[in-house]
Amino acid sequence: YLHANGGVSETIDLHSDQGTGINSINLNSDVGGITLAAGLAAANSIVIDASNAAGGIDIDAGTGGIVVTATDGAISLVSGTGAINVGTDAAAHTVTLGSTNTTAATVVQSGSGDVAVTSTDAVTVDAAGVLELNSSAGVIGIGNDADAQAINVGTGAAVRTITVGNVTGATAVVLDCGTGDLSLGASATAHTVTVGSTNTTSNVIVQSGTGGVQVTSGGVYAMDATDAVTIESSAGTIGIGVDAVAQNINI
């Protein structure tokens, strides 16, 4: 029992002058616990200090775990230029950051260094509010690795509008494919497909190589123009109504 009662400047000091081992001062309890309790109302009411420039602090625990609780106070991990590692050991475990309670927020940020998220399984990002992906100084790449996996955008069975591109300045939209087909509105649902605009000098070009261009309609097929309509063939016959169906041709 060590008890000091000598005034506000009293101190109890346990001092080892020459011990160089990690146990030069030991606090042991064979079957009970060890409690450090301080009644000082200050941010440094308990200080654990490895004062040597190369000193470290090692905290080990068994299956009871380690709990750090601050009642409405901040918890800071500061390492200078050293790394901060959380759950990086070679054991399978779940690492959870943040809370879904009421207005709880989680911020992940970096300076000029990158933010990298790597998973050997799925990565799922869900939000009840706006979900944005932006870059102010670089390209935004989705599926830009050479991996043969499908990319689905808006394929969930919910009514929604999917918009690609905008009308600002010289904004362009490119849809490209390899030897596979490119389908626009080819599903078995009734809908209108509009290609091109009638505004001022807008232009629509439909072209092909030796594979031809085919237009099929189950209803009326109408071609209207306020300028010339030209049908030409540089190497073949132009046929109008040449199939075996009885029909009228009005010119």
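I began with what counts as a pocket: on a 1 Å grid over the protein atoms alone, a pocket is an open set of points where a 1.4 Å probe fits, with protein on both sides within 12 Å along at least five of seven lines, and lining residues have an atom within 4 Å of a point.

I noted that this is a predicted model, in which local features need pLDDT of at least 70 and side-chain atom pairs count only at pLDDT 80 or more, while totals for chains, interfaces and linings use all residues. Residues are numbered from 1 along each chain as its sequence is written, and side-chain values use heavy atoms, with hydrogens and water left out.

**Pocket.** I looked up the largest pocket and found that 28 residues line it, with I66, V68, I75, S76 and L77 lying nearest its centre. The lining divides into 18 nonpolar, 9 polar and 1 charged residues, where Ala, Val, Leu, Ile, Met, Phe, Trp, Tyr, Cys and Pro count as nonpolar, Asp, Glu, Lys and Arg as charged, and the others, Gly among them, as polar.

**I66.** Is I66 buried or exposed? I66 is exposed, at a relative accessible area of 55% (buried means under 20%, exposed over 50%, partly exposed in between, with a 1.4 Å probe and protein chains only). Apart from neighbours within four places in sequence, I66 is in contact with I59 and A61, contact meaning heavy atoms within 4.5 Å. I also checked I66 against S183, which is 117 residues away along the chain, and their C-alpha atoms are separated by 56 Å.

**Whole chain.** I found 0 helices and 0 strands (DSSP runs, H or I of at least four residues for helices and E of at least two for strands). The radius of gyration is 36 Å, well over the 18 Å from the globule rule for 251 residues, so the chain is more spread out than a compact globule; the radius is taken over C-alpha atoms, and the rule is 2.2 Å times the number of residues to the power 0.38. Of the 251 residues, 0% count as buried.

**Phi angles.** Most residues other than glycine have a negative phi. D72, not a glycine, has a positive phi of about 65°, and D72 is exposed at 83% relative accessible area. T200 also has a positive phi, near 40°, and T200 is exposed at 70%.
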